[in-house]
Amino acid sequence: METVIPIFKKEFRSYFTSPIAYIFITVFLVILHGLLFWATGFLVIAQADLRDFFGLISIMLIFFVPAISMRLWAEEMKVGTMELLMTFPVRDWEAVAGKFLAALAMIAVTILLTLPFPISVALVGKPDAGPIVGGYLGALLLGAAYLAIGSWTSSTTSNQIVSFIISLLILLVGSLGLDWVRQFSPSQLAPWLAYLSLRTHFDNITRGVIDIRDIVYYLSIIGFFLYLNVRSVESRKWR
């Protein structure tokens with residue numbers, strides 16, 4: 001555990017000593033607010049309802065998280081520092097945890113920078129606090145699940161573009177794809193597809209009711225793909 005913190009600090013610092021973090025955050029916020037005002041007509045509706053706001057965040061994370069995760073391991077393999085990292089006195093799970101937590105902190109900072117919008121809405125209206133708290137908790141859990149999947153795909157290839165595309169496809173199928181298929185599936189199959197969908201649990205949490213089953217679902221997804229990530233890193237030692 002002692003080596004997780006130094007890896008976390010090194011990785012997190014690397015985001016802000018390069019243009020990566022600033023470009024990522026700026027593009028995310030500009031597109032989010034642009035879509036919110038012009039695509040959903042938020043100003044025209046004039047309601048203190050933030051469902052569209054959190055819905056847009058959940059969709060944008062599908063595209064933005066792979067852009068962050070694609071470099072976690074693929075870049076190390078491409079520039080040849082993967083082998084050097086593995087010679088350090090650090091266990092595989094510690095390296096995976098350090099990188100994952102640093103990228104998650106980067107995503108959390110981005111999500112928290114959207115806070116001025118709900119605060120502004122609260123000043124002019126009376127939105128329910130439950131859905132807002134649930135929305136941010138759900139966005140963080142959803143982003144962490146997306147990131148765990150992206151971190152694993154990054155560890156399977158040295159090509160960042162390939163990692164991005166594979167992650168994006170998995171997230172599209174696991175989120176929007178399952179929701180779409182569920183509409184045309186038999187009634188016996190629909191509940192299973194709903195449970196497997198990454199977005200269904202997010203929608204439940206954003207209603208302001210925190211169900212332990214939704215939390216367990218996301219923690220299971222995160223744990224499973226981080227486990228695959230560790231196994232993938234371990235397999236590199238034998239090649």
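Close-up 1. Asp-179 is buried, with a relative accessible area of 16%; here buried means under 20%, exposed over 50% and partly exposed in between, using a 1.4 Å probe and protein chains only. This is a predicted model, in which local features need pLDDT of at least 70, side-chain atom pairs count only at pLDDT 80 or more, and totals for chains, interfaces and linings use all residues. Residues are numbered from 1 along each chain as its sequence is written, and side-chain values use heavy atoms, with hydrogens and water left out. The side chain of Asp-179 meets that of Arg-182 in a salt bridge, 3.6 Å from N to O. For a salt bridge, a side-chain nitrogen of Lys or Arg must lie within 4 Å of a carboxyl oxygen of Asp or Glu. Both residues sit in helix H10 (residues 160-184), and because they are three residues apart, about one helical turn separates them. Helices (H or I, at least four residues) are DSSP runs, numbered from the N terminus. Arg-182 is partly exposed, at 30% relative accessibility.

**Close-up 2. Asp-179 again, now with Arg-199.** A salt bridge also joins the side chains of Asp-179 and Arg-199, at 3.9 Å from N to O. This pair links distant parts of the chain, 20 residues apart: Asp-179 is in helix H10 and Arg-199 in helix H12 (residues 198-206). Asp-179 and Arg-199 are both buried.

**Close-up 3. A salt-bridge network with Lys-10, Glu-11 and Lys-99.** Salt bridges link these three residues in a network. Between Lys-10 and Glu-11, the closest N and O atoms are 3.8 Å apart. Lys-10 is exposed, at 53% relative accessible area, whereas Glu-11 is buried, at 7%. How many salt bridges does this rule count? The count comes to eight.

**Close-up 4. The second largest pocket.** The volume of this pocket is about 300 Å³. A pocket is an open set of points on a 1 Å grid over the protein atoms alone, where a 1.4 Å probe fits, with protein on both sides within 12 Å along at least five of seven lines; lining residues have an atom within 4 Å of a point. Of the 15 lining residues, Asp-49, Leu-50, Arg-51, Pro-131 and Thr-206 lie nearest the centre. Helix H4 (51-69), helix H9 (129-154) and H12 each give two or more residues to the lining, and H12 has the largest share, with four.

Terms used
Points joined across faces, edges and corners; volume = space filled by probe spheres on them.
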